[in-house]
Every structure is written in C-alpha cells, then in structure tokens.
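Please keep the sequence and the model in view while reading.

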Amino acid sequence: MTQILFINALLLAGYMTIWWAIAYRRKRIDTVDIAWGGGFVLVAWATLIQAPSFRSQLIANIVTIWGIRLAYHIYSRHKGKGNDPRYTELSSKWKGNFWLRAYVSIFLTQGLLALIVRVLSAQLYGRLDLSLRQPPINS
C-alpha cells in the first residue's frame with residue numbers, strides 16, 4: 001500500500017504540475033478546477049495498474065465516468081468567461097511570486113486532497129466486499 005501511495009503521489013504531483021503550466025499559459029488559476037476530476041481518474045487507473053482486481057477495475061470505470069463528466073462540465077462553465085472570482089479574491093492578498101504561490105497553494109494542495117480522498121476511499125472499500133463471488137454456504 002505504501003508503494004502505491006508513493007507512486008500515486010508522484011503521478012498526481014506531475015499531473016498537477018502539467019495543469020499549472022497550462023494555467024500559467026492561459027493566465028487563469030481556475031484551470032485547476034478542470035483538472036480536479038482528472039486527478040481522481042489518474043489515481044484510480046494508476047491503482048488498478050499497480051493492484052489489479054475486479055474491485056479496482058469497477059472503481060476505475062466509475063471514477064472515469066464521473067471525472068470526465070466533471071471536467072467537461074467545469075470546462076463548459078468556464079468557457080468564454082473571466083477568471084473565477086474566488087481565485088481572484090484569494091490571490092489578491094498574495095505577495096511575492098504569484099505563479100509559484102498558485103502552484104503550491106492551489107495546484108499541489110488540490111493534488112494532495114485528491115490523494116487523501118483516495119486513501120480514505122481505499123479504507124472504506126477495503127471494508128466492503130464488492131466481489132461477485134457466491135457467498136460460502138454454511139453447513
């Protein structure tokens with residue numbers, strides 16, 4: 001589990017770094033919102049590759065549908081509009097390197113939150129038997 005967590009953390013850090021670069025190019029911090037759902041998709045598939053099981057496959061499929069829908073919805077909502085006022089207000093108080101602060105305070109933080117949600121959900125799913133096996137018959 002520790003190795004999976006470490007690999008997923010590295011993947012999320014790389015993923016959020018790519019989205020930070022996209023946001024920097026677009027000059028829009030709210031780009032992170034589009035990336036949010038995709039971070040869960042990335043971790044779900046990375047977990048499936050590292051620990052294949054029926055349960056992991058089911059979770060990856062469900063998370064993929066949800067994550068793509070969420071990313072598309074947020075992208076559609078942002079298209080043709082200015083930066084989200086929440087981020088404008090938050091960043092107005094920043095001093096120093098604006099984009100470095102955005103990277104650490106917003107992008108990496110959201111990646112960490114996605115990882116925490118994954119760890120907590122793994123704990124929950126670990127306690128549920130979602131397999132399609134027939135339960136044993138007690139004699």
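Which residues does Q110 touch, not counting residues up to four places away in sequence? They are M16, V32, D33, W36 and Y87, where contact means heavy atoms within 4.5 Å.

The model is a predicted one, in which local features need pLDDT of at least 70 and side-chain atom pairs count only at pLDDT 80 or more, while totals for chains, interfaces and linings use all residues. Residues are numbered from 1 along each chain as its sequence is written, and side-chain values use heavy atoms, with hydrogens and water left out.

**The chain as a whole**

- The chain contains five helices and zero strands; helices (H or I, at least four residues) and strands (E, at least two) are DSSP runs, numbered from the N terminus.
- Read from the N terminus on, the order of elements is α-α-α-α-α.
- Of the 139 residues in the chain, 35% are buried; buried means under 20% relative accessible area, exposed means over 50%, and partly exposed lies in between, with a 1.4 Å probe and protein chains only.
- Among contacts in the chain with a separation of 6 or more, 75% join residues 24 or more positions apart.

- Axes are lines fitted to C-alpha atoms, for helices over the stretch in contact, and angles run from 0 to 180 degrees between N-to-C directions.
- Helix α1 (residues 2–26) packs with helix α2 (residues 31–50) at an angle of about 155 degrees, and their axes are 9 Å apart.
- Helices α1 and α2 are therefore roughly antiparallel to each other; angles under 35 degrees count as roughly parallel, over 145 as roughly antiparallel, 65 to 115 as roughly perpendicular and the rest as oblique.
- The crossing of α1 and α2 is right-handed; a crossing is right-handed if the near helix is turned clockwise from the far one by less than a right angle, and left-handed if anticlockwise.
- The residues of α1 that meet α2 include I4, L11, Y15 and W19, and the residues of α2 that meet α1 include V32, A35, L42 and A46.
- The residues of this contact of α1 with α2 comprise 15 nonpolar, seven polar and one charged; Ala, Val, Leu, Ile, Met, Phe, Trp, Tyr, Cys and Pro count as nonpolar, Asp, Glu, Lys and Arg as charged, and the others, Gly among them, as polar.
- K27 is found in the loop between α1 and α2, and its phi is near 60 degrees, a positive value in a residue other than glycine.

**Helices α2 and α3**

- Helices α2 and α3 pack at an angle of about 165 degrees, with axes 7 Å apart.
- Helices α2 and α3 are therefore roughly antiparallel to each other.
- The crossing in which α2 passes α3 is left-handed.
- The contact of α2 with α3 involves 14 nonpolar residues, seven polar and one charged.

**The largest nonpolar core**

- A nonpolar core is a set of buried Ala, Val, Leu, Ile, Met, Phe, Trp, Tyr and Cys residues joined through side-chain atoms within 4.5 Å.
- The largest such core has 29 residues, of which I29, I106 and F107 touch the most other members.
- Helices α1, α2, α3 (54–78) and α5 (98–127) each supply at least two residues of this core, and α2 gives the most, with eight residues.
- Apart from its neighbours within four places in sequence, I29 is in contact with N83, Y87, S91, W94, F98, W99, A102, I106 and F107.

**Individual residues in α5**

- Q110 has its place in helix α5 and counts as buried because its relative accessibility is 15%.
- W99 also lies in helix α5 and counts as buried at 13% relative accessibility.
- W99 touches W20, A23, Y24, K27, R28 and I29, not counting residues up to four places away in sequence.
- W99 and Y24 are 75 residues apart in sequence, and their C-alpha atoms are 7.1 Å apart in space.

**Individual residues in α2**

- F40 is found in helix α2 and is buried, with a relative accessible area of 13%.
- Leaving aside neighbours within four places in sequence, F40 is in contact with V63, W66, A114 and V117.
- I49 is found in helix α2 and is exposed, with a relative accessible area of 68%.
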